[in-house]
Amino acid sequence: MMNIVLIGFMGTGKSSVGRLLAEKLSYAFVDTDALIEERAGLSIPQMFAKFGEKYFRQREKDIIKETCNRTHTVISTGGGVPIFEANRQILQNGRNIIVCLRANIPTILNRTKGRGDRPLLKNDLHKMQALLKQRMPFYNQADFIIDTDELSPLQIVNEIMVYL
Ligand code: S3P
C-alpha cells in the first residue's frame, strides 16, 4: 500500500492531521521536522541559527528520501519540502498519494501566532504572503487539495479518507 504525504504551508495542520490519519488507517506516522530535530538533538530554530537553512534543507532531503522508501506510512512534511525539485521527484514516485492542506492567511496567522518555532515566518505578514504566493504552484501539484479553514483536524482526516 502507498504512503500518504501531507504537504502545505506552515500552520495548515499537517502534523496534527497526519498523526490522526495514521491512527485511523493503522499506518505508521512520520513527521519530518520532528525526526530531523530528534536526530540532530536540536530544535529547528537552533539548527537554523547554528548551521543555517542550507544545512536544514539537506537533512530534510535525506529524511524525505528515507521515509518515501517505506510503505503504509503517513508522512507530514515541513512546509518547504515541495519547493525543491529533488524533493518533488522523490515525493512523486508513483507510490505516494500527495495531499495538500490549504489555509488562508488569517487562519495561518492564528495557528502559528505566539510560537517561535518557525524561523522563516517570525509572524511577519508580508513575508508570509510572499512565501505563500511563491510556493502555491508547488503545493498545487498535489493529488488533491483540502481547504482546512473551517475544518477541525478530525474533519480534515475524514475528508482525506473520502479520496483514498
Ligand atoms: C518550513 C516549515 C516548517 C519547518 C521549517 C521550514 C518552511 O515546518 O520545516 O521551519 O520552509 O515552510 P511546518 O510547515 O511544519 O511549520
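User: Is histidine 72 buried, exposed or partly exposed?
Analyst: Histidine 72 is partly exposed, with a relative accessible area of 37%, and the residue lies in the loop between α4 and β3 (73-76). Please keep in mind that this is a predicted model.

User: And what is the phi of histidine 72?
Analyst: The phi of histidine 72 is positive, about 50°, although the residue is not a glycine. As background, most residues other than glycine have a negative phi.

User: What about serine 26, what is phi there?
Analyst: Serine 26 also carries a positive phi, near 55°, in a residue other than glycine. Serine 26 sits in the loop between α1 and β2 (28-31), and at 66% relative accessibility it counts as exposed.

User: Switching to charges: how many salt bridges turn up in the whole structure?
Analyst: A search of the whole structure gives 6 salt bridges. One of them pairs glutamate 66 with arginine 39, where the closest N and O atoms are 2.8 Å apart. Glutamate 66 belongs to helix α4 (residues 53-68) and arginine 39 to helix α2 (residues 32-40), so this pair ties together parts that are 27 residues apart in sequence.

User: Which residue does aspartate 62 meet in a salt bridge?
Analyst: The side chain of aspartate 62 meets that of arginine 59, with 3.6 Å from N to O. Both residues lie in helix α4, 3 residues apart, which is about one turn of the helix. Aspartate 62 is partly exposed at 31% relative accessibility, and arginine 59 is partly exposed as well, with a relative accessible area of 26%.

User: Which strands does the pair of aspartate 147 and arginine 102 tie together?
Analyst: Aspartate 147 forms a salt bridge with arginine 102, and the closest N and O atoms are 3.0 Å apart. Aspartate 147 lies in strand β5 (residues 144-147) and arginine 102 in strand β4 (residues 96-102), so the pair links parts that are 45 residues apart in sequence. Aspartate 147 counts as partly exposed at 44% relative accessibility, and arginine 102 counts as partly exposed at 29%.

User: Which residues are linked in a network of salt bridges?
Analyst: The network of salt bridges links Glu53, Arg57 and Glu60.

User: Let's move to the ligand. Which residues come nearest to it?
Analyst: There are 13 residues around the ligand, of which Lys14, Asp33, Arg57, Arg118 and Arg135 come nearest. Arginine 57, which is also part of the salt-bridge network, has a polar side-chain atom 2.7 Å from an oxygen atom of the ligand.

User: How far are the polar side-chain atoms of lysine 14 and arginine 135 from a ligand oxygen atom?
Analyst: For lysine 14, a polar side-chain atom lies 2.5 Å from an oxygen atom of the ligand, while for arginine 135 the corresponding value is 2.6 Å.

User: What volume does the largest pocket have, and which residues lie nearest its centre?
Analyst: The volume of the largest pocket is about 560 Å³. The pocket is lined by 27 residues, and Met10, Ser15, Asp33, Asp117 and Arg118 are the ones that lie nearest its centre. The elements giving two or more residues to this lining are α1 (14-25), α2, α3 (44-51) and α4. Asp33 and Arg118 were also named among the residues that come nearest to the ligand.

User: Last one: is serine 76 buried or exposed?
Analyst: Serine 76, which lies in strand β3, is buried, with a relative accessible area of 1%.

Notes: Residues numbered from 1 in each chain as written. Predicted model: local features only at pLDDT ≥ 70, side-chain atom pairs only at ≥ 80, totals over all residues. Heavy atoms only, no water. Salt bridge = Lys/Arg side-chain N within 4 Å of Asp/Glu carboxyl O. Helix = DSSP H or I, 4+ residues; strand = E, 2+ residues; numbered from the N terminus. Buried < 20%, exposed > 50% of the residue type's maximum accessible area, 1.4 Å probe, protein only. 1 Å grid on protein atoms, 1.4 Å probe; cavity = no way out; pocket = protein on both sides within 12 Å on 5 of 7 lines; lining within 4 Å. Points joined across faces, edges and corners; volume = space filled by probe spheres on them. Near = heavy atom within 4 Å. Polar contact = N/O pair within 3.5 Å; in protein donor to acceptor, adjacent residues only side chain to side chain.
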